[in-house]
Amino acid sequence: MTLERFRDERGLLSRAGEIAERIRSLIDGDSKLLVICHVDADGLSSGAIISAALLRENARFVTRAVGEFEDALRHLRDLPASYIPILVDMGSGYLSELSSLSLSRPIIVLDHHEPMGSAPEGVVQLNPHLHGVNGSEEVSGAGIAYLVAKALNEENILLSPLAVTGALGDLQDRADGRSLHGFNERIVEDAVKAGLLKVEEDLLFYGRSSKPIHIAMASTMNPFIVGISGNEANAYSLLTEIGVKVREDDKWRVLSELSEGEKRQLYNGILKYLASLGLPPSTARELIGKVYELIMEESWTYLRDAREFASLLNACGKTGNEWLGISIAMGSRGVMLEEAQRILEDYRRRLAEAMEYAMRDENRQELKNLLVIDGGSVIDDRLISSVASMMSSMGVQGDKRILVALAQSEDSIKVSARASRKIVERGVDLGKLLAGVAEIVGGRGGGHDVAAGASIPKTRKALFLLELDRAVEEELSKVG
Ligand code: C5P
Ligand code: ZN
């Protein structure tokens, strides 16, 4: 369990201020900086926030996005002595690895993952957990990067929408009604105050005021609706069946044009559809909540809805186009945006295929405390984390089991695990469990209480699963 710490938001802000000062003195001293971020939506948002802030200060820097901490370590080992590294959205879970580098220069770590151990000398860390603020659900890596950026220059309030995007990318909209809560609310307030964000309650289909309804439904991946997400034709027939008019005269209607009555009709129709597939109604509940609308973005783009912006960044990151994601997050538009939108469409199609595979009974295995989805080498290992998040948002594992999704990469097996809030409340902390069990089988893992990952040797799958099952059992038996 997380060590309870006194909540000290002021302490968090003042630490951000200190680190901003440190960065300023590095810039003033003409140091070169290397920003290393993670390739998921929160990681790219964090990388873009720090890069944009450094650019504003005319700093000399390079930014790199990496998929695994191993890759970050490699960059750090090879780093020319003249560079100071800044790790964003990563690092706190691997403090001992950082200490083993014994670099003769400081390493700045801006992260929201639970710190594993204490920071070794030379590591300058900003982490919400150290100030009693829960980084798993109330502030993301992008939020932490944003605090430093804002302390560096008030003008960086313009980057607040990216911090909101990062938090949504890390699925921190877990308060009732799919809203961001806790520390994230402060950031939302900044974005609203800066005239960049509007928050409204509605059905959460992507492109609700820009796309024909069936396309909006098919574009929505979170929550994932089996048969509808990624499938426009099915979405169209479901709408016809429910009796919601998709056209008015010659024009496609958009979701925001529907009357309250029609929205209710649509919602109830989806509930019925899910029941017909034997799926819990919880997925439909995930469809109603706060919409975070980035009002300065063109309404026809995938950037207008912050959740969809996060999907776009994620798609860029998971397809080797991280540089494109970062430059869009930093403000590039035009042909770059067109390219990224194409990548997202393609990614959605592949994700829908992967989900169909994952939903098949023959690819599932049930252990006492685990529901295992084995993507083998059919599901791309870069998609497995999204598959795990979506399956978990559908509640397929229930409240008694952990969801574990596996996919084979070239030389290892990538593991993504997800837990329900209920099981976490019973004492299960996936980040710690995966770190421990991965180590037993010669792999490496970590993450948050509700979402964690690992990379393990190819030959150790069975042992890993048995050990994880046993470890979960042990945690659960402690509380009885
Ligand atoms: O990859 P996935 O999305 O399943 O990872 C969930 C969380 O676990 C992420 O926050 C990621 O940074 C963390 N993780 C980790 N070490 C790994 C794999 C994932 O700390 N080897
Ligand atoms: Zn993150």
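Contact means heavy atoms within 4.5 Å. This is a predicted model: local features need pLDDT of at least 70, side-chain atom pairs count only at pLDDT 80 or more, and totals for chains, interfaces and linings use all residues. Residues are numbered from 1 along each chain as its sequence is written, chains are lettered from A and ligands numbered from 1 in the order written, and side-chain values use heavy atoms, with hydrogens and water left out.

**View 1. N156 in the loop between α5 and α6 (160–169).** Helices are DSSP runs (H or I, at least four residues) and strands are too (E, at least two), numbered from the N terminus. N156 has 1% relative accessibility, so it counts as buried (under 20% relative accessible area; exposed is over 50%, partly exposed in between; 1.4 Å probe, protein chains only). Setting aside neighbours within four places in sequence, N156 contacts A53, R56, Y146, A149 and K150.

**View 2. Packing of helix α1 (residues 9–28) on helix α5 (residues 141–152).** The angle is about 65°, and the axes lie 8 Å apart. Axes are lines fitted to C-alpha atoms, for helices over the stretch in contact; angles run from 0 to 180 degrees between N-to-C directions. L12, L13, A16, G17, A20, I23 and R24 of α1 meet I144, L147, V148, A151 and L152 of α5. These contact residues divide into 10 nonpolar, 1 polar and 1 charged (Ala, Val, Leu, Ile, Met, Phe, Trp, Tyr, Cys and Pro count as nonpolar; Asp, Glu, Lys and Arg as charged; the others, Gly among them, as polar).

**View 3. Protein donors of the zinc ion (ligand 2).** D42 (OD), D89 (OD), H112 (NE2) and D170 (OD) lie 2.1 to 2.3 Å from the zinc ion. Donors are N, O and S atoms within 2.8 Å of the metal (3.2 Å for Na, K and Ca); water is not among the atoms, so sites may look incomplete. Their spacing along the chain is D-x46-D-x22-H-x57-D. D42 in helix α2 (residues 41–56) and D89 in the loop between β3 (83–88) and α4 (95–101) are 47 residues apart, and the pair links distant parts of the chain. Both D42 and D89 are buried.

**View 4. Helix α15 (residues 384–393).** Here 10 of the 10 residues are buried, so α15 is largely enclosed by the rest of the structure. Among them are I384, V387, M390 and M391. G395 follows α15, with a positive phi near 75°.

**View 5. S299 in the loop between β9 (288–294) and α12 (306–318).** S299 is partly exposed, at 38% relative accessibility. Its C-alpha atom is separated by 7.6 Å from that of S209, 90 residues apart along the chain. Not counting residues up to four places away in sequence, S299 touches S210 and R304.
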